[in-house]
Amino acid sequence: MLNNEALLTQLEGLFSSNILSAEINFDLLTVEVPTSKIHDIIAQLQKDENLSFGFLTLIGAVHYPDSTDREFAVVYHLDSWKNKVRLRLKVFLPLSNPSVDSITDLFPCANWMERESYDFFGVIFNNHPDLRRILNEDSMDYFPLRKEYALEDGTREDKDDRFFGRV
Amino acid sequence: MNMNKEKEALYNSPSEFYNSKETIDGDIATINLGPTHPATHGIFQNILKVDGEKIISSEQTVGYIHRAFEKLAERRPYNQITPITDRLNYCSSPINNLGWHMTMEKLIQAEIPKRVDYMRVIIMELARIADHLICDSVIGVDTGALTSFFYPFQEREKIYELYEEICGARLTTNIGRIGGFERDFTPVFHTKLKSFLKTFPKAFNEWDSMLARNRIFMDRTRGTGPISPERALAYGLTGPNLRAAGVDYDVRVMHPYSSYEDFDFIIPVGVNGDTYDRWMVRQEEIRQSVRIIEQAYGNLPEGSYKADVPEFYLPDKADVYNNMEALIYHFKIVMGEMEVPAGEVYHSVEGGNGELGYYLISDGGRTPYRLQFRRPCFIYYQAYPEMITGQTISDAVITLSSMNVIAGELDA
């Protein structure tokens, strides 16, 4: 068993300069790391005998249209069964070049999760074996989960978006 | 001359003959397994390259019933997201509903009474039984035993009646509320649950004995669609599929929620990770679920069936009509004007087919900023081509049904 504080201390020992920020958010340690280092960090976390983050729980992307050069976040949830602790890693990508290294070689199950992030957000995963759309149709030319795509049909006049959630 | 030798080998030992041959006459056919075929139990397309009966490679297409749940969730107030979760794994929708409520409770840091936890455990384990009954009986159908499909439906019907008694719905249940339940267990529920606990084990064992040591069933399912523990982990398998491969990961034990740490149960594991092991693991899980329900029901704590979170929990209808504050809260909740703290939450529950997770980002607005579902079968369905390569087409069918892949959950 490792608690989040002890885990953070260990991570700081391993990747001192690569931890850009860290916070504990509802029992889960969130660590932001540099985009270029994410593959190496996950590889090391997976191999490290003490930490042994051997299970990839989830990969997802988030769109923050208002933060310049940090428009996209790619969020990795890793699970260490040995220590019964989860870890959330985050990288931020700019809209001009939304690309990050794929971790398919470390976790084969990352394949579809990365394809899904590409499909809905347009995040490019370098070295991905088969980066195609997965749930949407192939001919689609936009990325539907980006915030600029309205949830309602834009031509409707009877519904004012301000009264139904986020604009 | 060569032809004659081959014929001789074929007649002497057909199975050896087919296994030794790389290709039969070098003819490779491409066939579609799915998307709409009764044998796929959902909308899945697999383009198989087959050599005779043997599968050489398979290419998957998913997304036929994609309904943009994650986009929809960004518009809906928090309590309106529950019906979306119903439509993920619709064989065990109460688990999805309650998992979502628990995620919200984590975000608003509500203190949940012990009674609610225990009531949830009872309902979630009933849902797990219903889920496993469907999956295991369908494996029976695909191996040619139709009786095994009809038989457990009587028991499943009883579980659905129990759902009805709690929330009024059967399949897409929308069960419970953020903070608890709409009402306590009714007297009818108590009667029905007691009679279910009394009669179910006997009926279940009778059905189990139909297949468990059945020679035909065993021959058909053993060694079919196997996966090693290493590959299972690499492909992110969770739930009974992972446990059948011999890895004892269960969210209920690893990251306990809803007071699961109070109960005594075992996690069954398999050895070979094949269809038979998956079937056996589910059967044992049903028995363990009954044990958990008995413990939870036997020790059902006194107390309230709801938490004290008036900003999120819809007030009683009688109060809404007669009480000003209740009317205000009712209006606020229905219009989605709840004050939600900003933050990021990941919560997961052990769903019918694996780790069902909710990654919720709230920016303090009335709807989630982003909600991502960790749909277990979306992740583990990737392993399917590897599991069926080298197997026959009919094996591919039972492997698919034994993996408990639910189209609604896969495509979100």
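Chain B contains 20 helices and six strands, where helices (H or I, at least four residues) and strands (E, at least two) are DSSP runs numbered from the N terminus. The model is predicted, and local features need pLDDT of at least 70, side-chain atom pairs count only at pLDDT 80 or more, and totals for chains, interfaces and linings use all residues. Residues are numbered from 1 along each chain as its sequence is written, while chains are lettered from A and ligands numbered from 1 in the order in which they are written.

- Along the principal axes, the C-alpha atoms of chain B fill a box of roughly 95 × 45 × 30 Å.
- Of the 412 residues of chain B, 48% count as buried (20 or more other C-beta atoms within 10 Å of the residue's own, with C-beta atoms placed from the backbone).

**The three-stranded sheet**
- In chain B, three strands form an open sheet in the order β1-β2-β3 with antiparallel pairing, where two strands pair if DSSP finds at least two bridges between them.
- Its edge strands, β1 (29–33) and β3 (54–61) of chain B, each pair on one side only.
- β1(B) is joined by five bridges to the antiparallel strand β2 (residues 45–51) of chain B, and B:I31 stands opposite B:L48 in β2(B).

Definitions and conventions:
A residue is buried if 20 or more other C-beta atoms lie within 10 Å of its own, exposed if 12 or fewer, and partly exposed in between; C-beta atoms are placed from the backbone.
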